[in-house]
Amino acid sequence: MTATSRETAPATASRETAPAVSVRGLSRNFGPVRALDDVSFDVPAGEVTALLGENGAGKSTLLKILAGLQPPSDGGVTVFGEEVASFDPSTMLGRHGVAIVPQELSLLPDRSVAENVLSGVEPGSRWFPSRRRMLERTAELLEALDLRLDPAAPVRSLDLATQQLVVVARSVARGCRVLILDEPTAMLTPAEAERLFALMARLKADGTTMLYVSHRMPEVFRLADRIEVLRDGTHVASWRSDETTPDQAVAAMVGRELGQLTRRAERPARPAGEPALRVRELSGRRHTDVSFDLRPGEILGVAGLPDSGRVEMLHNIFGGERGTGGTVELLGRPYERRDPIASVERRLAFVPGERRAQGLLTTMSVGENVGALMTKPLSRLGLVRRRALDRRAAEQARRLRVKTATMSQPITSLSGGNQQKAVLGRWLAIDPGVLILDEPTRGVDVGAKAEIYEQLFELAEKGLAILCSSSDLPELLTLTDRIAVMSEGRLVGTVEAAEATEESVMALATGAVPAA
Amino acid sequence: MTSTTAPAREFSLPLRRLLHARESGVFAALVLLFLLGTVLSPSFAQSDNLLSVGQQIAQIGIMAVGATFVILNGEIDLSVGSTYALSAISTGMLISDGWSWPLAMGAGLAVGAMAGLLNGLAVVVLGVPSFIVTLGTLSVFRGVALLISDGAPISLSSSQPGVAEFNLLGQGRLFGLIPMQFVFFVAVAAVGVVLLSRSRFGFNTYAVGGNQEAARLVGVNVKQVKLTAFVLSGFAAGLAGVLGLSFLSYVQGVTGQGLELTVISAVIIGGAALFGGSGTMWGTVIGVAFIGLLQNILNINGISSFWQTVVTGLVIVAAVAADTWQRRRKTRA
């Protein structure tokens, strides 16, 4: 791979020509783990720089240092030529003008847009800010950013994408000159992402420097002027974005050429037999009259915008939440009073989309997370045979290639991809007849993603029926046989994955074409 | 996070795990406290004194074992002091009414378990936060104890048949040496250790306390787990109350006020997280021993009981602060 020449800024550089952010020899240790190792690169002023790397590559650590959330162990950072003396959020923002838009937005949900945007810089006296002037100031600011938002609306009433725009506006209100965006599009629909991109273009025109983290190559190549790649805590590549290609960038991230992922459609196995899951006129929260069949050995995708009701529909089938009508037939038998306990008994597996909130037993070990569904078969008189459990969990983890030093370390110490493999592996213990997945690779790096796909292909070939919902359309096109598209709570069409394109699925999902 | 070694090694042995676990800090503090006690007073390390400490911590310890299940679930039981009194009063009144002591004791334990069941039902069925529920029942159970006893103290007269035997539970010594109450504590703690670290219920307790939603979605019966924890807590408080009655032959409606705070303190000093999901039964046992030794040391060195209250309070805050600091260091550098 091409490691590039890194021009060091001359010591005499004036403020005007200095890079917006210059990272010099930055290292950060967590106990014995070196999360960042002697990383140096520049973020040129007024440009958009993309920071790429797999999970665990050190991106988050680097961002935290730049946002002043933690100090480096070694090395330093200059912002517009000025050395950062103290790594804390108020210095980074107040003195250096570096702001971050984190993945978990930190807004006050019950306060208005204006109060959020201007919190800390309220006009008027410090204890009694003027409400009228706050609304005026916010309106002006939103206007300048081309955002059509009511300054008086409570933040809770806005969708996630809009809340994110509010966070950007808040950074601007505080005079940020360097804006860091941490995977800003991970939770957005394409249309919402476009609004964000428009705002980024606006900020760029105003001279704001941006450092942007994303896993999505098309976006990166569209937005970024420069690309910096981290791998295993070191800086491995740096290009102008027109000097490289997505393949080259991905290769730098994973440290090897990644073969094109095999598409499911190219695999020989074909589903057959009576449906393993038959859903008829299923209704519940945010979904109405959904009907479909899923056969053994088939991978059925579910596409739709985040508010299309697809996630609620999955929870209804699994029994995580109550539905209001319709029927489900599971492995040839009606399944009426659905709840997770009964689903486990009837071999219906569910890997939820919110891994941290719904998937991980957060205070437990890797082994306990993998073994969570083995405790019943492996207990006698209510006592778990711990040794057998440990052994079986270790076998399962090995089979799914969960990368972990020991089985007894906390599940939260693993990377997203390995956590996901652990959660998937947990369910294989019940020998599922139907597997439901939501966002199977959200927050999962490229390498682990390929492994999870491979695993799902194998399971389908052994006859497992898989229902997989995702907001990542390329993922559904790669992974599934058919894609059921939902829009506003209804199933509006089903397309063969081999013939579908992102555009054709999106057209259905957004209601751009009438339901088939 | 940069580990690329695929083989998943075997689990470490429970003993090694124990040494690496969070309670290792408290255990070290316990050892230091012991050494301090030995240095300060020659009578401290004598077996008589230590056995009496064992006697003194038994009731708190039994209740703390029950409370550990509740706290690991991410819940709290503030009503244990009142349950203690209610069970003791029930048993005392029945014995006074001429019931045979095993029956009366069984009834007292059942009252404790019922109290826990009521707490648990209010939490899992009505969905009221356990802090509120048990704050309420703290008052309700105390009120009932006062009502049924009409506010009058109950004294068991040793001339009454069976009372002498009943008193042996709290006053007797196994082999003429080890206080029976301590034996009860050891037995309860042993059951607690096995339940928590070996049983499915224990496994599910950690799952629910760490992430209730994730536990529910892997088919853990969250309500059942919580209900069981509250019943165990009520039962343990009842047992402690009965032993207290047996020890003193005396109980009144206001007995055991404020016990809940000592019990919760012991569990927290033992390293359990107040928001649930992490902590161990060994930790609780160490926490109980720590509180017992601390009070004993202050006692035999003639320090006023007012100071004991102050010191115990400071120790709780210090223990949690040390734990927080230790964890932050572990995750940061």
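Colleague: What share of the contacts in chain A with a separation of 6 or more comes from residues 24 or more positions apart?
Modeller: The share is 68%. A contact means two C-beta atoms, placed from the backbone, within 7 Å. This is a predicted model, where local features need pLDDT of at least 70 and side-chain atom pairs count only at pLDDT 80 or more, while totals for chains, interfaces and linings use all residues. Residues are numbered from 1 along each chain as its sequence is written, and chains are lettered from A and ligands numbered from 1 in the order in which they are written.

Colleague: What is the confidence in chain A?
Modeller: The mean pLDDT (the predictor's confidence in each residue, from 0 to 100) is 86, and 92% of the residues reach 70 or more. Residues 1-15 of chain A are below 50. Beyond near neighbours in sequence, that stretch still has 21 contacts in the model.

Colleague: Which domains does the assignment give for chain A?
Modeller: The bounds come from an automatic or database domain assignment. Domain 1 is 20-97 + 176-259, domain 2 is 105-173, domain 3 is 264-347 + 430-509, and domain 4 is 364-422. The C-alpha centres of domain 1 and domain 3 of chain A lie 35 Å apart. Each of these two domains gives 8 residues to the contact. On the side of domain 1, helix H8 (residues 246-254) of chain A has the largest share, 3 residues.

Colleague: What makes H14(A) mostly covered?
Modeller: Helices are DSSP runs of H or I, at least four residues, and strands are runs of E, at least two, numbered from the N terminus. A residue is buried if 20 or more other C-beta atoms lie within 10 Å of its own, exposed if 12 or fewer, and partly exposed in between. In H14(A), 11 of the 13 residues are buried. Among them are Leu424(A) and Trp427(A). The cover includes H13 (386-399) and H15 (446-461) of chain A.

Colleague: How do you know whether the span of H4(B) agrees with its length?
Modeller: The expected span is 1.5 Å times one less than the number of residues. H4 (residues 80-96) of chain B has 17 residues and should span 24 Å; the end C-alpha atoms are 24 Å apart, so they agree. In H4(B), 14 of the 17 residues are buried. Just after H4(B), Gly98(B) takes a positive phi of about 100°.

Colleague: Why is Glu281(A) called exposed?
Modeller: Glu281(A) has 11 C-beta neighbours inside 10 Å, so it counts as exposed. Glu281(A) lies in strand S11 (residues 277-284) of chain A. Its phi is positive, about 50°, although Glu281(A) is not a glycine. Most residues other than glycine have a negative phi.

Colleague: Why is Arg401(A) called partly exposed?
Modeller: Arg401(A) has 18 C-beta neighbours inside 10 Å, so it counts as partly exposed. Arg401(A) lies in the loop between H13 and H14 of chain A. Its phi is positive too, near 55°.
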